[in-house]
Amino acid sequence: MTRRALTLLFLGSAFLYAQGNPDWHRAIPAFKIAGNLYYVGTADLAVYLIHTPQGNIVINSNFEEDVPTIRKGIEQLGFAYKDTKILLISHAHGDHDAGIGIMQKDTGAKLMVMEQDVAEVQSKAKGRPGAHVDRVLHDGDVVELGGSKLTAHLTAGHTPGCTTWTMQVPEGGKTLNAVIVGSPNVNAGYFLVGNKKYPQIAEDYNRTFPALKKLPCDLFLGAHGAYFGMLAKIDKMKAGGANPFIDPAGYQAYITERESAFRTEWDRQKAHPGSPKQ
Ligand SMILES: [Zn+2]
C-alpha cells in the first residue's frame, strides 16, 4: 500500500471513530435496573448511578457532548446531579471518560481511577479529560458510600487499567450480584504481539478472562449496552415479567465468546506479527 493510501486509510478510520455509532449519543429514558442501581447512559454508552442516602456514585461520563444527556437522565429519575459524590470509570477511553472532568467540575465529586489508567485520565492531550484523580485504586479496592460498596476488579488488556465493577444490589429481600464489565474487547489496530507501549497486553488479557469467569453474576452489565443486549432487554422489561438484566448464563456465554475472539486474534498475530486486525 502506498503512503498516501495508508494516510487515507488512517484518516478514514479516525473519521469513523469520531463519528462513531449513532447509538453512542442517542438519548434514551433513564431507568431502574434493580434496587438502588440505575441506568443514566445513552442508547449504547453505559452510565450507571448508584443511589445512597449519602449521595450518588456515577460510573462513566461518555464523551463531553453526552454530559447534558446524562444530567437529564439523573434528573428524570428525581435525583440531583449535584448529589454525585463519587465518579468512577470503566476504562480510560473517550467514549467512557472524556466528559469526566466536566462532571467533576460540575458536581465536585471525588474521582477514583485504577492506577494503570490514572495518567490517561489526567492527561490534557486532545480527547483526554485532563481530570484530577482524587483516589488511585488497585485491584480489589472497595469504594463505599452510604452503605453501598463497589469492588474494583483490574481486568486489563483493553486498557492497562480497565476496571470491572461489582456490587451487591438489594432487591425484593434478595441480594443480586451485579457485574459491570470494563471491556474484554481487542479493538481494531491493537498490537497483541510486539506492543512497545504496552508490552504485557496479551498476558493481561490472559489474566482477565479467568478473573471475569469467576465473578458471581446475576445482573449482567457493561460499559456498552451492546455487551449485554441492553436495548432488547429494555423492551423485555417493558413487557413485564422477570427482570431481563438477571442473566448469569448470558454473562458466561459473553465472556467465553470474547475470550475465544481474543485467542483467535492473538494466534493470528503470533503467525503474522505487526499486522493487527483493522
Ligand atoms: Zn474502550
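This is a predicted model: local features need pLDDT of at least 70, side-chain atom pairs count only at pLDDT 80 or more; totals for chains, interfaces and linings use all residues.
Local features need pLDDT of at least 70 and side-chain atom pairs count only at pLDDT 80 or more, while totals for chains, interfaces and linings use all residues. Residues are numbered from 1 along each chain as its sequence is written, and side-chain values use heavy atoms, with hydrogens and water left out. Helices (H or I, at least four residues) and strands (E, at least two) are DSSP runs, numbered from the N terminus.

Let's start with α3, residues 67-76. Its buried residues are Val 67, Ile 70, Gly 73 and Ile 74; buried means under 20% relative accessible area, exposed over 50%, and partly exposed in between, with a 1.4 Å probe and protein chains only. Those four cover an arc of only 120 degrees around the axis, which puts them on the same side of α3; the arc is that of the directions from the helix axis to the C-beta atoms. As a reminder, an α-helix has 3.6 residues a turn, so residues three or four places apart point the same way. Lys 72 and Gln 76 are exposed on the other side of α3. The buried residues pack against β3 (48-52), β4 (55-59) and α5 (100-107), where contact means heavy atoms within 4.5 Å. After α3 comes Gly 78, with a positive phi near 90 degrees.

The loop between β4 and α3 holds Asn 60 and also Asn 62. Neither is a glycine, yet phi is positive in both: about 85 degrees for Asn 60 and near 60 degrees for Asn 62. Asn 60 is buried, at a relative accessible area of 0%, and Asn 62 counts as buried at 0% too.

**The seven-stranded sheet**

Seven strands make an open sheet with mixed pairing, in the order β1-β2-β3-β4-β5-β6-β7; two strands pair if DSSP finds at least two bridges between them. β1 (31-34) and β7 (135-137) sit at the edges with a single partner strand each, so one side of each has no neighbour in the sheet. On average, neighbouring strands of this sheet are turned by 25 degrees against each other, direction ignored. Inside it, β5 (84-88) and β6 (110-114) pair in the parallel sense over two bridges, and Ile 86 stands opposite Lys 110 in β6. α5 packs on the sheet and touches β4, β5 and β6, its direction making about 165 degrees with that of β5. Axes here are lines fitted to C-alpha atoms, for helices over the stretch in contact, and angles run from 0 to 180 degrees between N-to-C directions.

| Pair | Sense | Bridges | Residues opposite each other |
|---|---|---|---|
| β9 (148-154) and β10 (163-171) | antiparallel | five | Ala 152 and Trp 165 |
| β10 and β11 (174-181) | antiparallel | seven | Thr 166 and Val 179 |

**Helices α7 and α9**

Finally, α7 (201-213) and α9 (248-271) pack at an angle of about 165 degrees with their axes 10 Å apart. Residues of α7 in the contact include Tyr 205 and Phe 209, and those of α9 include Ile 255, Phe 262 and Trp 266.
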